[in-house]
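Dear colleague,

Please keep the structure open while you read.

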Amino acid sequence: MKKAPKSFEEGLERLRSVLAAMQEPDTPLAESVKLYAEAAELIRYCNKTLDDAELQIKEIDTRLNNADSAAGETDDGQ
(Lines give C-alpha, C1' and ligand atoms only; values in the text may rest on other atoms or scores of the structure.)
Protein backbone atom coordinates (compact mmCIF):
# COMPACT_ATOMS: atom_id res chain seq x y z
CA MET A 1 0.00 0.00 0.00
CA LYS A 2 1.27 3.47 -0.77
CA LYS A 3 0.56 5.07 2.62
CA ALA A 4 -1.89 4.41 5.38
CA PRO A 5 -5.21 6.20 4.98
CA LYS A 6 -5.90 9.08 7.35
CA SER A 7 -9.46 7.91 7.99
CA PHE A 8 -11.87 5.05 7.40
CA GLU A 9 -13.59 7.09 4.71
CA GLU A 10 -10.31 7.74 2.91
CA GLY A 11 -9.44 4.05 3.07
CA LEU A 12 -12.83 3.03 1.75
CA GLU A 13 -12.63 5.53 -1.11
CA ARG A 14 -9.15 4.28 -2.09
CA LEU A 15 -10.40 0.69 -1.91
CA ARG A 16 -13.22 1.55 -4.30
CA SER A 17 -10.79 3.10 -6.78
CA VAL A 18 -8.41 0.14 -6.51
CA LEU A 19 -11.25 -2.31 -7.16
CA ALA A 20 -12.41 -0.25 -10.14
CA ALA A 21 -8.87 -0.29 -11.58
CA MET A 22 -8.67 -4.05 -11.11
CA GLN A 23 -11.88 -4.48 -13.10
CA GLU A 24 -10.57 -2.56 -16.09
CA PRO A 25 -9.85 -5.01 -18.91
CA ASP A 26 -6.69 -3.16 -19.97
CA THR A 27 -5.04 -3.37 -16.53
CA PRO A 28 -1.93 -5.55 -16.92
CA LEU A 29 -1.66 -8.67 -14.78
CA ALA A 30 1.37 -7.39 -12.86
CA GLU A 31 -0.50 -4.19 -11.98
CA SER A 32 -3.57 -6.22 -10.96
CA VAL A 33 -1.41 -8.21 -8.53
CA LYS A 34 -0.07 -4.97 -7.00
CA LEU A 35 -3.59 -3.60 -6.77
CA TYR A 36 -4.77 -6.83 -5.16
CA ALA A 37 -2.09 -6.51 -2.48
CA GLU A 38 -3.09 -2.90 -1.84
CA ALA A 39 -6.77 -3.85 -1.68
CA ALA A 40 -6.01 -6.57 0.88
CA GLU A 41 -4.20 -4.03 3.08
CA LEU A 42 -7.02 -1.53 2.73
CA ILE A 43 -9.58 -4.17 3.69
CA ARG A 44 -7.48 -5.07 6.73
CA TYR A 45 -7.23 -1.38 7.70
CA CYS A 46 -10.98 -0.76 7.25
CA ASN A 47 -11.92 -3.89 9.22
CA LYS A 48 -9.59 -2.94 12.07
CA THR A 49 -10.98 0.60 12.11
CA LEU A 50 -14.54 -0.76 12.28
CA ASP A 51 -13.58 -3.20 15.05
CA ASP A 52 -11.98 -0.36 17.04
CA ALA A 53 -15.09 1.80 16.61
CA GLU A 54 -17.31 -1.09 17.74
CA LEU A 55 -15.17 -1.56 20.85
CA GLN A 56 -15.42 2.15 21.66
CA ILE A 57 -19.20 2.04 21.30
CA LYS A 58 -19.44 -1.00 23.57
CA GLU A 59 -17.28 0.75 26.18
CA ILE A 60 -19.52 3.83 26.03
CA ASP A 61 -22.64 1.68 26.36
CA THR A 62 -21.13 -0.15 29.35
CA ARG A 63 -20.30 3.14 31.07
CA LEU A 64 -23.80 4.47 30.43
CA ASN A 65 -25.41 1.27 31.70
CA ASN A 66 -23.24 1.32 34.81
CA ALA A 67 -24.12 4.98 35.43
CA ASP A 68 -27.82 4.19 34.99
CA SER A 69 -27.54 1.24 37.38
CA ALA A 70 -25.74 3.35 39.97
CA ALA A 71 -28.36 6.10 39.67
CA GLY A 72 -31.13 3.53 40.07
CA GLU A 73 -29.54 2.14 43.22
CA THR A 74 -29.31 5.63 44.68
CA ASP A 75 -32.95 6.35 43.90
CA ASP A 76 -34.12 3.08 45.46
CA GLY A 77 -32.10 3.67 48.64
CA GLN A 78 -33.76 7.01 49.38
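Glu-54 is partly exposed, with a relative accessible area of 41%, where buried means under 20%, exposed over 50% and partly exposed in between (1.4 Å probe, protein chains only). The model is predicted, so local features need pLDDT of at least 70 and side-chain atom pairs count only at pLDDT 80 or more, while totals for chains, interfaces and linings use all residues. Residues are numbered from 1 along each chain as its sequence is written, and side-chain values use heavy atoms, leaving out hydrogens and water.

The side chain of Glu-54 meets that of Lys-58 in a salt bridge at 3.6 Å, N to O, a term for a side-chain nitrogen of Lys or Arg within 4 Å of a carboxyl oxygen of Asp or Glu.

Asp-52 is partly exposed at 35%, and Lys-48 is partly exposed at 45%.

In helix H1 (residues 8–23), Arg-16 and Glu-13 are three residues apart, and their side chains meet in a salt bridge at 4.0 Å. Here Arg-16 counts as exposed at 51%, whereas Glu-13 is partly exposed at 48%.

How many salt bridges does a search of the whole structure find? The search finds five, among them the pair Arg-16 and Glu-13.

Best wishes

Definitions and conventions: Helix = DSSP H or I, 4+ residues; strand = E, 2+ residues; numbered from the N terminus.
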